[in-house]
Amino acid sequence: MPSAPRLRAAVPFGLLACAVLLAGCTSGDAKPRASATATVPLPTLPPGGLRDRVLQPDEVARSMVPIAAQTGARDITSIAGFSADPTTARTSLQQHGFQSAYVVQYADPATSAVVTNVVTKFATVAGATADLSGDLAAAARTGKPFAVTGLGDQAGGVTSRLQPGTADGSLVTLRWRVGDTTWLLAVGARNPVDADGVRHLADKLLARVGAGTS
């Protein structure tokens, strides 16, 4: 999420853990199987000021469905609550000028693949920069970092296990910033996740919202 691994490194893992319970997932075949037909209308995400800045139902595989309990606008307390230390997380978010956030989590009931996308807006570019910088530094300690270029003004990626310290599943996480707004995109599955595919989703999202480098 916003300042993730450090405060919210728990974000991807915490949200993904919920998906395990709600969709029997966080593991499974990484290749989605269609579970909807063209005649079935796509779901609509709950309202929220930043709703249009996360991946929409038509931008992920048709077999991916949003998890209602993990999707929607989130305030500072909710975002901080994803951390192992909510009090510290909330203080950090306040210091960085947190304004609003929106979370969407998709899961494929058939394959157990999970996509989590978080967008967070801060009061200033400096606040967003500080928040993401902390996230990227902390993320480097949770898995294997890899360089990310051409994605917003600031970005980084990490590959890791779906559940830290275990051999279960694969997780690829991208974090990036454009101006005063940051994004987190995490894709997890039982089989290896293609980092290029995750980057493609990020590029697709930014192309739609018109958030190129500032």
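Reply: Note that this is a predicted model. Start with Tyr 106. Beyond its neighbours within four places in sequence, Tyr 106 is in contact with Leu 45, Leu 55, Gln 56, Pro 57, Val 60, Met 64, Val 65, Pro 66, Ala 113, Val 114 and Val 115.

Me: What makes these residues contacts of Tyr 106?
Reply: The test is heavy atoms within 4.5 Å. Leu 55 and Val 114 are among the residues in contact with Tyr 106.

Me: Which residues have the most contacts inside the largest nonpolar core?
Reply: Leu 55, Tyr 106, Trp 176 and Leu 185 do, in a core of 29 residues. The elements that give two or more residues to this core are strands S3 (98–107), S4 (114–122), S7 (170–178) and S8 (181–189), with helix H6 (195–209). H6 gives the most, with six residues. Another core, of 16 residues, lies apart from it, and includes Ile 79, Ala 89, Leu 171 and Ala 186.

Me: How do you know that S7 is largely enclosed by the rest of the structure?
Reply: Buried means under 20% relative accessible area. Nine of the nine residues of S7 are buried, so the strand is largely enclosed. Both of its faces are covered. Ser 170, Val 172, Leu 174, Trp 176 and Val 178 are buried on one side. Leu 171, Thr 173, Arg 175 and Arg 177 are buried on the other.

Me: What makes S6 and S8 pairing partners of S7?
Reply: Pairing takes at least two bridges. Strand S6 (residues 154–161) is joined to S7 by eight, and the two run antiparallel. Nine bridges join S7 to S8, again antiparallel. Trp 176 in S7 is the bridge partner of Ala 155. Leu 185 in S8 is the bridge partner of Leu 174. S7 and S8 form a hairpin with two residues between them, and Gly 179 in the turn has a positive phi of about 60 degrees.

Me: Why is the pair Arg 208 and Glu 59 called a salt bridge?
Reply: The cut-off is 4 Å between a side-chain nitrogen of Lys or Arg and a carboxyl oxygen of Asp or Glu. The closest N and O atoms of Arg 208 and Glu 59 are 2.5 Å apart, so the pair meets that cut-off. The pair links distant parts of the chain, 149 residues apart. Arg 208 is in helix H6, and Glu 59 is in the loop between helix H2 (10–23) and strand S1 (65–66).

Me: Is Glu 59 buried or exposed?
Reply: Glu 59 has 8% relative accessibility, so it counts as buried. Arg 208 is partly exposed, at 36%.

Me: How many salt bridges does the structure hold?
Reply: Four. One of them joins Asp 180 to Lys 121, with the closest N and O atoms 2.8 Å apart. That pair also links distant parts of the chain: Asp 180 is in the loop between S7 and S8, Lys 121 in strand S4, 59 residues apart. Arg 199 and Asp 203 form a salt bridge too, at 2.9 Å. Being four residues apart in helix H6, they are separated by about one helical turn.

Me: How do you know that the buried residues of H5 line one face?
Reply: The buried residues are Gly 127, Ala 128, Asp 131, Leu 132, Gly 134, Asp 135, Ala 138 and Ala 139. Seen down the axis of H5, they fall within an arc of 155 degrees, so they line one face. The length of H5 (residues 125–139) also agrees: its 15 residues should span 21 Å, and its end C-alpha atoms are 21 Å apart.

Me: Which residues of helix H4 are buried?
Reply: In H4 (residues 86–95), Ala 89, Ser 92 and Leu 93 are buried. Their arc is within 100 degrees, so they too line one face of the helix. The face turned away from the buried side carries the exposed residues Thr 87 and Gln 95.

Me: What is the phi of Ser 112?
Reply: Near 70 degrees, a positive value in a residue other than glycine. Most residues other than glycine have a negative phi. Ser 112 sits in the loop between S3 and S4. Its relative accessible area is 8%, so Ser 112 is buried.

How values were computed
Residues numbered from 1 in each chain as written. Predicted model: local features only at pLDDT ≥ 70, side-chain atom pairs only at ≥ 80, totals over all residues. Heavy atoms only, no water. Expected span 1.5 Å × (residues − 1). Buried < 20%, exposed > 50% of the residue type's maximum accessible area, 1.4 Å probe, protein only. Arc of directions from axis to C-beta. Core = buried A, V, L, I, M, F, W, Y, C linked by side-chain atoms within 4.5 Å.
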